[in-house]
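Here is a short report for a first look at a protein model. Keep the sequence and the 3D view side by side as you read.

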Amino acid sequence: MRTHRKASAHRKASAALAVTAALVMPAMTTTAFAREGSDLVEAGGWFAPVSALQLSNALTYDVTKVPVGSRVSVVQQGSEQGSEQGREHTGDQAGDQAGGAVTTVRLRVSGLLPDRMYGAHVHTGPCGRAPEAAGPHYQNVEDPVQPSTDPAYANAENEVWLDFTTDAGGHGAAVSRHDWRFRPGGARSVVIHEHHTSTAPGEAGTAGARLACLTVPFEPSAGDE
């Protein structure tokens with residue numbers, strides 16, 4: 001009888017330790033890669049809090065609005081207009097124009113708050129311990145005045161805006177298509193913001209606090225390959 005009780009107690013203790021270990025383990029880091037010989041870049045994973053032990057490629061700075069363990073994926077696809085990919089319909093931005101390159105960026109999230117509006121943009125720097133580490137929005141034509149809030153520069157044509165509204169299950173998606181390519185090494189992350197992006201003069205491009213960030217090697221430079 002004593003042996004049975006000791007074995008049972010040992011199993012309970014082991015189970016408790018396993019649960020504790022699962023709770024304190026850092027969230028899985030994201031994967032990110034550019035496919036060799038193609039214009040496809042993918043990144044994705046699970047949002048993790050900033051940690052002194054491990055810095056994930058997907059970070060949440062507000063665990064209430066972007067919960068730990070919620071998922072994110074970003075795909076960048078480049079093509080030449082006039083090709084089958086270039087003629088693809090991509091939400092509000094679509095069409096056929098003669099010549100030039102096309103960049104399409106897709107964002108998907110799950111596990112966020114339900115029925116809520118979020119802003120999202122491509123930023124110039126990789127994610128870091130502080131929300132500001134990702135730098136400003138990527139701009140095809142850079143505003144000489146920073147921070148940029150001039151609608152002539154801070155707009156959905158010159159920047160990559162990926163605003164979305166989650167459904168009842170906390171899922172959301174957005175797509176943005178542009179008739180230009182990223183400068184090599186110039187775009188390094190997607191930042192999720194507190195609300196949809198403003199277009200008003202003096203506040204154009206702003207979307208509230210930076211809630212989370214995913215590092216993405218958009219159009220990597222030679223040093224990144």
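## Salt bridges

A salt bridge is a side-chain nitrogen of Lys or Arg within 4 Å of a carboxyl oxygen of Asp or Glu. This model is predicted. It holds 5 salt bridges.

Take R181 and D39. They form a salt bridge, with their closest N and O atoms 3.6 Å apart. The pair links distant parts of the chain, 142 residues apart. R181 lies in the loop between β9 (172–178) and β10, while D39 lies in the loop between β1 (31–34) and β2 (40–46). R181 is partly exposed at 21% relative accessibility. D39 is partly exposed too, at 40%.

R177 and D179 form another salt bridge, at 3.8 Å from N to O. R177 is buried, with 7% relative accessibility, whereas D179 is partly exposed at 34%. Salt bridges with shared partners join D39, R181 and E219 into one network.

## The sheet

Six strands make an open sheet with mixed pairing. Their order is β3-β4-β11-β10-β7-β8. β3 (48–49) and β8 (164–165) stand at the edges. Each has a single partner strand, so one side of each lacks a neighbour in the sheet.

β3 pairs with β4 (residues 58–60) in the parallel sense, over 2 bridges. P49 has T60 in β4 as its bridge partner.

## Around T197

Is T197 buried or exposed? T197 counts as buried because its relative accessible area is 13%, and the cut-off for buried is under 20%. T197 sits in the loop between β10 (189–193) and β11 (210–215).

How values were computed:
Residues are numbered from 1 along each chain as its sequence is written. This is a predicted model: local features need pLDDT of at least 70, side-chain atom pairs count only at pLDDT 80 or more; totals for chains, interfaces and linings use all residues. Side-chain values use heavy atoms; hydrogens and water are left out. Helices (H or I, at least four residues) and strands (E, at least two) are DSSP runs, numbered from the N terminus. Buried means under 20% relative accessible area, exposed over 50%, partly exposed in between (1.4 Å probe, protein chains only). Two strands pair if DSSP finds at least two bridges between them.
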